[in-house]
Amino acid sequence: MNTQLFEQVDFIENPAYEQVITDLLECNYAIVDDFFSSEEIDELRQSLKEVYEADSFKKAAIGNKFNEETDKTIRGDFIKWINEAEARPKERLFFEKINDLVAYLNRTCFLGILQTEFHYAIYPKGTFYKRHLDTFQNDDRRKLSMVCYLNDDSWVASNGGELTIYLPEGNGERALDIIPKPGRVVIFESQILEHEVKPVLASERLSITGWLKTR
Ligand SMILES: O=C(O)CCC(=O)C(=O)O
Ligand SMILES: [Fe+2]
């Protein structure tokens, strides 16, 4: 018998990733605190600020590039897409960690993630993103949504800006409020869970948001 075929040569089980998989399967979302260390978050926040100061953020639009429009009554954040091929040094660690997780998900759950896309987002005081689903009418490739919060340690719950996820429960639903704590990553099923960003009441809310896509 050729035992090589059955050997899992370089697979090391990762308990944190296993928890993500369990939570996604059971609840359609997973919250990972300290996915990024506070040093990593400091670097990424600095990078976001450098890019912002270079004036390259745009008012976020709704719809995709084929039917894009901006509407402040739906979302008020400013975004800048990050291209992995041109990642700044401080962004490389971000992609390394994300790619490691994606490789694990593909290997253990056969998710078939072939592409990712990420953008920085800044929500100034007073802005929000109304309840929505992360899939476009003309494009269903987004499988998992991922939000990484880059706020600093001074972020407090009274700043608002919670991510509220609507979870089906019985005949109705339950709203789960998630505080955008630094280092926290939230992953959820793009085609299943509606969600919103509650108004930011103080300070500005910083994040990287992205999607793991099937093709
Ligand atoms: O920033 C968040 O918590 C969620 C953002 C979001 O829903 C989106 O960009 O589609
Ligand atoms: Fe969203």
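Let us begin with one term: a residue is buried under 20% relative accessible area, exposed over 50% and partly exposed in between, using a 1.4 Å probe and protein chains only. The model is predicted, so local features need pLDDT of at least 70 and side-chain atom pairs count only at pLDDT 80 or more, while totals for chains, interfaces and linings use all residues. Residues are numbered from 1 along each chain as its sequence is written, chains are lettered from A and ligands numbered from 1 in the order in which they are written, and side-chain values use heavy atoms, leaving out hydrogens and water.

**Exercise 1. Find which residues coordinate the iron ion (ligand 2), and state whether D134 is buried or exposed.**

Step 1. Look for donors, meaning N, O and S atoms within 2.8 Å of the metal (3.2 Å for Na, K and Ca); water is not among the atoms, so sites may look incomplete.

Step 2. H132 (NE2), D134 (OD) and H195 (NE2) coordinate the iron ion at 2.0 to 2.1 Å.

Step 3. Along the chain, these donors are spaced as H-x1-D-x60-H.

Step 4. D134 has a relative accessible area of 7%, so D134 is buried. H132, at 14%, is buried too.

**Exercise 2. Describe how strand β6 is placed and which strands pair with β6.**

Step 1. Strands are DSSP runs (E, at least two residues), numbered from the N terminus. Two of them pair if DSSP finds at least two bridges between them.

Step 2. β6 covers residues 142-149, and because seven of its eight residues are buried, the rest of the structure largely encloses this strand.

Step 3. Strand β11 (residues 205-213) runs antiparallel to β6, joined by seven bridges; there, R142 has K213 as its bridge partner.

Step 4. Strand β9 (residues 185-189) also pairs with β6 in the antiparallel sense, over five bridges, and C148 stands opposite V185.

How values were computed
Helices (H or I, at least four residues) and strands (E, at least two) are DSSP runs, numbered from the N terminus.
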